[in-house]
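Keep the selection tool at hand.

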Amino acid sequence: MGYYNKLYFIFTEEGLINLFMRTFRYLIYTIKRLIMSNTDKEQWNFLKNKYTGKRVFIIGNGPSLNKTPLHLLKNEITFCMNRFNLMFERLNWRPDFY
């Protein structure tokens, strides 16, 4: 889907205000990425190839987590995001990266 089609879809389905807000957030995100210094990028380089050949799980968020047997990930390498900390009281392990 091209940019024009996507913008038209957002405008017709979500309204003009949402279109402006989404466009503004996208522009801010793009500008931040352009001006991000090399030191910020180098901070993430320590992870490059660190877990080559190992299983790594990326866990997002959503209602399906309530039905997922997360206890099986106790000794695995996990990247968690999106308010995963709400699951901490139910788990006996913590993610490696949050």
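This tour goes from the whole chain to its patch, its core and its salt bridges. Bear in mind that the model is predicted.

**Stop 1: the whole chain**

Select the protein chain and color it by secondary structure. There are three helices and two strands. Along the sequence, they follow the pattern α-α-α-β-β. The radius of gyration is 19 Å, while the globule rule gives 13 Å for 98 residues, so the chain is more spread out than a compact globule. Its C-alpha atoms fill a box of roughly 45 × 40 × 25 Å along the principal axes.

The chain exposes about 8600 Å², and carbon and sulfur atoms supply 58% of that. How many of the 98 residues count as buried? The share is 16%. Contacts tell another part of the story. Of those with a separation of 6 or more, 11% are between residues 24 or more positions apart.

**Stop 2: the nonpolar patch**

Select Tyr 3, Tyr 26, Leu 27, Tyr 29, Ile 31, Leu 34 and Ile 35. Together they make a nonpolar surface patch of about 880 Å². Which helix gives the most to this patch? Helix H2, residues 16-35, does, with six residues. Tyr 3 sits in helix H1, residues 3-14. Tyr 3 is exposed, at 68% relative accessible area.

**Stop 3: the core**

Hide the surface. Select Ile 59, Leu 65, Leu 70, Leu 73, Cys 80, Phe 84, Met 87, Leu 91 and Trp 93. These nine residues form the largest nonpolar core. Center on Cys 80. Leaving aside residues up to four places away in sequence, Cys 80 touches Ile 59, Pro 95, Phe 97 and Tyr 98.

**Stop 4: the salt bridges**

The whole structure holds two salt bridges. Start with Glu 14 and Arg 22. Their closest N and O atoms are 3.7 Å apart. Glu 14 is partly exposed, with a relative accessible area of 35%. Arg 22 is also partly exposed, at 38%.

Next, select Glu 76 and Arg 55. In this salt bridge the closest N and O atoms are 2.4 Å apart. Glu 76 lies in the loop between strand S1 (56-59) and strand S2 (77-80), and Arg 55 in the loop between helix H3 (38-44) and S1, so the pair ties together parts 21 residues apart in sequence. Is Arg 55 buried or exposed? Arg 55 counts as exposed, at 54% relative accessibility.

Note on methods:
Residues are numbered from 1 along each chain as its sequence is written. This is a predicted model: local features need pLDDT of at least 70, side-chain atom pairs count only at pLDDT 80 or more; totals for chains, interfaces and linings use all residues. Side-chain values use heavy atoms; hydrogens and water are left out. Patches are made of residues with over 30% relative accessible area and no salt bridge: like charges are joined within 9 Å, nonpolar side chains (Val, Leu, Ile, Met, Phe, Trp, Tyr) within 5 Å. Accessible areas come from the Shrake-Rupley method with a 1.4 Å probe; for residues, only the protein chains shown count as cover. A salt bridge is a side-chain nitrogen of Lys or Arg within 4 Å of a carboxyl oxygen of Asp or Glu. Helices (H or I, at least four residues) and strands (E, at least two) are DSSP runs, numbered from the N terminus. Buried means under 20% relative accessible area, exposed over 50%, partly exposed in between (1.4 Å probe, protein chains only). A nonpolar core is a set of buried Ala, Val, Leu, Ile, Met, Phe, Trp, Tyr and Cys residues joined through side-chain atoms within 4.5 Å. Contact means heavy atoms within 4.5 Å. The radius of gyration is taken over C-alpha atoms; the globule rule is 2.2 Å times the number of residues to the power 0.38.
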